[in-house]
Structure formats: C-alpha cells, structure tokens
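Thank you for making time for this one. I would like to walk you through a single structure, going slowly from one region to the next.

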Amino acid sequence: MRVALVSSGLVPLPPIKGGAVEEYVYQLSRHLRKLGVDAVAIDAKWNGIDVETDNLNGAEILRIPVRPPTLNIKRNIAMEFQFGKTASKYLNKEDFDVVHANTAWAGFALAINRKRPHSFVYTCHNGLWPEDKVHLGERVVRLVEGFTMRASNAVVALNKTMYRTIVEKAGVNGDKAVIIPNGVDVDYFKPGLRNGEFLSKFNLEVGNYILFVGRVSPEKGVHLLLKAFSHIAQESVHVKLVIAGPLTSSYSASEASPYARAIVEYAKRRLPGRVIFTGSAVKDELRVLYSNAHLFVLPSLAEAFPMVLLEAMASGTPPIGSTAGGIPDVITDGVNGLLFKKWDWKDLATKMLTLINDETLRSKLAAKARETVVEKYSWQVVASRIKHIYDRIIT
C-alpha cells in the first residue's frame, strides 16, 4: 500500500519549533512505515526546481517544487492552496493508493483537482467546528473544509465533539467519519529528563514553574491563565509561570501580534520577574520544560486534539485543562488531571492552587497521565488505527 500524507506546505517537515499538523504528518508517516505501509510525507519546496527526497528518522519526505503565489493578501491561504494544487498535479501522475490531506486549503485544492482513482482521506484538525459563533473567515473555511470532507472516502475526527459537529454542520456522512485522536512519541517525551544548563538559562529549577506551551493567541486563553496566576501569585511565591511558544500571529510573521504584546506588557506590569516568555522552543528544549514542570496548564477556548497536552502527560507532568473541544476526551477530571470550566479563570486559579499545595494528588495524577498516554495515544496505537481505515477503503 502506497500512501501520500500531505502537509500544509507552510512549515517544513519535520517541524522544529511548532506546527501541530506538520508533526502529525511527520510522525504518522514514520509509524505507518514501521507497520509496512509505504507512507510518504509530501512537503513544499518553495522556489525549488527538482523534487527532493529525504529520509529522516524513518520518515520518507518528498519535497515538491512550488512557485510562490503573487497574491499578498491572505498570503498563508494563497500559499497553502498553491501547494495543494501543485501537489495534486504531482500525485495525479503517481501511483498512490491513498492520498491523506490534513489542512483546509491544501485539502480543498487536492479534492477539486483529484483525477486519479486513489482513495482520499481527510483529517480535520480544525478545533473551531464545535463553536457556534465564528468570524467570517472561519465561515469560509467551513464551506471549503466541508466540501473536502464530503468528497473524501473517509474522514478522521480527532474527538467525539468534532465527530458530532462535522456530521451536523458539514453534512459529513457519519458512517465514513471515524474518531481517532492525535498521537505522541512516548519514548521521546518522558519523565526525568534533566538539563540544568537549559533551565538555568531562564532562571528555572526542577518543579518551580507552571508551564503553558502554544502560540500566544486569544483562542489559547493565555489571558485567562495570566489572570489566574496573578490571583494565586501571592500565595505561591516560589512558583513561576513559563509561557513557551511564538508571540507571532502566524509562522510566517516576523513581529509579535498586538494580543501577544498586550500579554507581555501585562505580565511585566502586574507580575514582574514571575512570568518567563521563552518564545519558540525547539523540541529538545520543550521536552525538558515538560519533564521538569510543577504542572501543565492548557486554558484553550477551542481545541481539536492538542498534542501539547499529550506531550505534557507523556512527560509525567500533571495537567489542568479547560473543557474546550477534545481536552475532556483526554483528561478525566481527578483521575489523570484536572478540568476547569472554559472561560472561568477563577475556577482555573482554584485548580492550580489545589495541585500546587497537594503533592500526593500531583504524584497520583502524574503517574496516571503517563499511563493513559502510553496505553491510548502512542503513535504506534494511532498509526495502527489509521492503517485500518486505509485497508477498509481500498479493499
């Protein structure tokens, strides 16, 4: 079986400093190959001339030359669509059994330019589908993504809420949609990783900080986390807050977004010396941050199936997450983490204090978090379930 896994084309594979979809494509290609599937990750080679093949850590990556679009308005959308269109021309000439798309605009380009009789699979990573009130841009994305999913032979929904909403709102046939979560490399993200030199770079010690990982953007709820931390800071004077992630609005942006600038200014004014912004961190640094954190917080307002949550849990760090999207699918409240009501920063502050002050509970949740991820969300398990979909639709 030969499978093409198509990325967004916006973040090079393998992703070094973030890119959840690209990480999904990269890891899935690696672990499908371990199962005997000839899986190839398709990436963009902007302004390139020849097709280039890389084999990195067991993943075969095919970089296709793509001419950048001349359109500067909505540049990322134009680039992603151009990549998908170029990839479709290549794939229509090649002998693939399955083409597996993962982003709205590249997936749309693949769907409308599909000429070969290969099977078509789409994984929906869009965490905004469950939301009822969305902006105009998201409504357009829903039209595009809905078309792509209806045109697919199979659709992967990352959580139960996503499955229900794409069936109801996008008109996707429930029989061809399957719930399969994201995965995590449990051998890479694990407890007990020490790197004193890296921690000292940010004046951190083992267990003296709360960790958030992700883009500093409104939908991630960073403002709620800062409010909650500000509320408990006087009672927990030994604990710092680490915000690890880019301050830009997109991967191609060079300057911090207005939202991120406001967050940084608030932290400087209200919590001097207590909040550390690391910016984009490479994976080797992130796994150290996860492994040595007191606890991990994900205050998102919308989430499909957050890889950062799986990475933190695999690292043996007790998590606190909001009730948004796929987070409650992973965290069982009081068993392998704690949940707080989405938008409710006071509830978050209470849960943070509970974990800070209760070492026994932290240890219990940390152990169960690691156990949950190993049993349910390792890439070996996820890749095997994806392979089952491929087997079903091509036979």
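This is a predicted model: local features need pLDDT of at least 70, side-chain atom pairs count only at pLDDT 80 or more; totals for chains, interfaces and linings use all residues.

At a relative accessibility of 52%, tryptophan 343 counts as exposed, where exposed means over 50% relative accessible area, buried under 20% and partly exposed in between, with a 1.4 Å probe and protein chains only. Residues are numbered from 1 along each chain as its sequence is written, and side-chain values use heavy atoms, with hydrogens and water left out.

Tryptophan 343 sits in the loop between E14 and helix H12 (345-357), helices (H or I, at least four residues) and strands (E, at least two) being DSSP runs numbered from the N terminus. The phi of tryptophan 343 is near 85°, a positive value in a residue other than glycine. As background, most residues other than glycine have a negative phi, and most peptide bonds are trans. Asparagine 203 also has a positive phi, near 60°, and is placed in the loop between helix H6 (196-201) and E9; asparagine 203 is exposed, at a relative accessible area of 54%. A cis peptide bond, with omega about -10°, joins leucine 13 and proline 14, and proline 14 belongs to the loop between strand E1 (2-6) and H1.

That brings us to helix H1 itself, residues 20-34, whose 15 residues reach 21 Å from first C-alpha to last, close to the 21 Å expected at 1.5 Å a residue; the expected span is 1.5 Å times one less than the number of residues. Is H1 mostly covered or mostly uncovered? H1 is mostly covered, since 12 of its 15 residues are buried, among them Val21, Tyr24 and Leu28. Just after H1, glycine 36 takes a positive phi of about 90°.

Now to the sheet. Six strands form an open sheet with parallel pairing, in the order E11-E10-E9-E12-E13-E14, and two strands pair if DSSP finds at least two bridges between them. The edge strands, E11 (275-277) and E14 (338-340), each pair on one side only. Within the sheet, E9 (residues 209-213) and E12 (residues 295-298) pair over 2 bridges, and leucine 211 has phenylalanine 296 as its bridge partner in E12. Helix H9 (residues 283-292) lies across E9, strand E10 (240-244) and E12, running at about 140° to E9; axes are lines fitted to C-alpha atoms, for helices over the stretch in contact, and angles run from 0 to 180 degrees between N-to-C directions.

Leucine 211 returns in the largest nonpolar core, of 105 residues, where Ile42, Ile166, Leu211 and Met352 touch the most other members. Such a core is a set of buried Ala, Val, Leu, Ile, Met, Phe, Trp, Tyr and Cys residues joined through side-chain atoms within 4.5 Å. Apart from it lies another core, of 26 residues, including Ala41 and Trp379.

Finally, H12 and helix H13 (residues 359-376) pack at an angle of about 100° with their axes 5 Å apart. H12 and H13 are therefore roughly perpendicular to each other, a label given to angles of 65 to 115 degrees, with under 35 roughly parallel, over 145 roughly antiparallel and the rest oblique.

Conventions. Contact means heavy atoms within 4.5 Å.
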